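Hi,

Here is the structure for you to look over. My notes follow below it.

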Amino acid sequence: MTAANSEAVLPAKGIEAPRSGRIDPKYLRSNPSSGSFEMVAWVFMRVSGAALVVLIFVHLFTNLLVGEGIHQIDFAFVAGKWANPVWQFWDLTMLWLAMLHGTNGMRTIINDYAEKDSTRLWLKSILYLATTVIIILGTLVIFTFEPCLVDDAGNLMDYAPAFCENIAN
Amino acid sequence: MWSWVGHRITGVGIFFFLLVHVLDTSLVRVSPEAYDAVIGAYKHPIMIMGEIGLVGAIVFHAFNGLRIILVDFWKQGTRYHRQMLWAVMALWFVTMVAFSIRHLMLFFDGWEGF
Ligand code: HEM
Ligand code: HEM
């Protein structure tokens, strides 16, 4: 674009954009920095939601609808799944996305209903603390899990899954 | 409006379930006995009904969430949002009938009584 018609694109001198400078900042609806965080959060809720449909539906399908369903779930079942890095990664992604999505949703709800500043601060502090603890705990559990437990004499425990026979001695 | 209330209530419910669920899964690091004992509770008839309720909440939140995403990103989304709400209800119903039948059948197959 040339300088020739710059007058046409620029706002006429003397007319300011709505809610700019003249208005006392304390009456503005939001400041620009928190605005961009909310935008990222809004997009994240939609992207993570779409991913969670697949992650959670497959989780429920493999754990409840195939094999013996709910009766198959025990220590050996978890050991069998987490022996496979695909399921480790699956559960890790599901854990992080579901917790961050859920926490952000809870943050919105706290903002909607808790009217006192101090109540909001308290509720959000508890929320973020709980989220941090659960994400760290869940992540550690996936990666420090030991499926092939042995007794004091070095023999495999009864509930060890079948594949342990090949590794243990 | 009510779909918004439903989305909110199911979201909160799933969130609290997930907190407990990560804690119960973490028992695999305590001992196999501890894990099996607590997971055993999920096999009680009352919990079976609870699981159907939980899955009902997830399936509603998931389908309605996809509808929200379509309303926001698809050009025709706002025009068809009512029809999509009907589709959410219909899909929810079909999914839940299928899930409940399968879940109950598997439950009775392996049930050893009280
Ligand atoms: C009644 C329904 C459910 C049952 C029986 C169930 C069962 C299990 C089992 C046996 C595991 C161990 C690992 C594995 O199998 O992958 C697990 C882990 C996990 N489940 Fe579920 N689940 C259920 C519903 C859900 C739902 C609705 C969510 C999401 C909101 C979820 C999220 C997770 C996560 C994040 C982990 C990994 C936990 C960790 O990192 O310690 N589960 N679940
Ligand atoms: C199954 C896939 C899921 C989809 C498609 C989905 C989708 C969505 C969408 C689109 C929103 C609206 C966000 C907004 O208005 O900006 C939302 C809100 C929310 N979601 Fe999910 N979500 C899913 C799973 C979950 C899970 C696993 C949890 C809990 C851990 C959860 C908890 C929430 C909460 C608490 C809200 C806030 C509700 C409100 O503000 O009224 N969602 N979800």
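An oxygen atom of ligand 1 is 2.6 Å from a side-chain N or O atom of A:Asp91. This is a predicted model, in which local features need pLDDT of at least 70, side-chain atom pairs count only at pLDDT 80 or more, and totals for chains, interfaces and linings use all residues. Residues are numbered from 1 along each chain as its sequence is written, chains are lettered from A and ligands numbered from 1 in the order in which they are written, and side-chain values use heavy atoms, with hydrogens and water left out.

**Ligand 1**

A:Lys81 also reaches this ligand: a polar atom of its side chain lies 3.1 Å from a ligand 1 oxygen. On the chain B side, a polar side-chain atom of B:His21 is 2.6 Å from a nitrogen atom of ligand 1. For polar contacts, the cut-off is a pair of N or O atoms within 3.5 Å; within protein, one must be able to donate a hydrogen and the other to accept it, and residues adjacent in sequence count only if both atoms are side-chain atoms.

Which elements give two or more residues to the shell around ligand 1? In chain A they are helix H2 (32-65), helix H3 (75-82), helix H4 (85-113) and helix H5 (117-144). In chain B they are helix H1 (2-25) and helix H3 (45-73). Helices (H or I, at least four residues) and strands (E, at least two) are DSSP runs, numbered from the N terminus.

The shell holds 24 residues, and A:His59, A:Lys81, A:Asp91, A:Gly138 and B:His21 come nearest. A residue is near if one of its heavy atoms lies within 4 Å of the molecule or strand. Chains A and B both supply residues around ligand 1, so the site is shared between chains. By class, the shell has 16 nonpolar, five polar and three charged residues. Here Ala, Val, Leu, Ile, Met, Phe, Trp, Tyr, Cys and Pro count as nonpolar, Asp, Glu, Lys and Arg as charged, and the others, Gly among them, as polar.

Now the metal. A:His59 (NE2) and B:His21 (NE2) coordinate the iron atom of ligand 1 at 1.9 to 2.0 Å. The pair crosses between chains, from helix H2 of chain A for A:His59 to helix H1 of chain B for B:His21. Donors are N, O and S atoms within 2.8 Å of the metal (3.2 Å for Na, K and Ca); water is not among the atoms, so sites may look incomplete.

The iron site of ligand 1 is octahedral, with angles of 84 to 179° among its six donor atoms. Six donors count as octahedral, and four as square planar, if opposite donors are over 155 degrees apart and all others between 65 and 115; four are tetrahedral if all angles lie between 85 and 135 degrees; anything else is irregular.

B:His21 is partly exposed, at 22%. Buried means under 20% relative accessible area, exposed over 50%, and partly exposed in between (1.4 Å probe, protein chains only).

**Ligand 2**

The iron atom of ligand 2 is coordinated by A:His101 (NE2) and B:His61 (NE2), at 2.0 to 2.1 Å. This pair also crosses between chains: A:His101 sits in helix H4 of chain A, and B:His61 in helix H3 of chain B.

A:His101 is buried, with a relative accessible area of 15%. B:His61 is buried at 17%. The A:His101 side chain makes a polar contact of 3.0 Å with the side chain of A:Ser48. UniProt places the feature "binding site" at B:His61, in an unreviewed entry. UniProt positions are given in the numbering used here, feature names are shortened, and annotations may be inferred rather than shown by experiment.

Ligand 2 is surrounded by 21 residues, the closest being A:Arg46, A:His101, B:His7, B:Arg8 and B:His61. They come from chains A and B, so this site is shared between chains. The shell counts ten nonpolar, nine polar and two charged residues.

A side-chain N or O atom of A:Arg46 is 3.0 Å from an oxygen atom of ligand 2. A polar side-chain atom of B:His7 lies 3.2 Å from a nitrogen atom of ligand 2. H2 and H4 of chain A, with H1 and H3 of chain B, each give two or more residues to this shell.

**Chain A spans**

The unreviewed UniProt entry annotates "transmembrane region" at residues 39-62, 82-100 and 121-145 of chain A. Residues 39-62 are 100% helix and 0% strand, with end C-alpha atoms 35 Å apart. Residues 82-100 are 89% helix and 0% strand, with end C-alpha atoms 23 Å apart.

Best wishes
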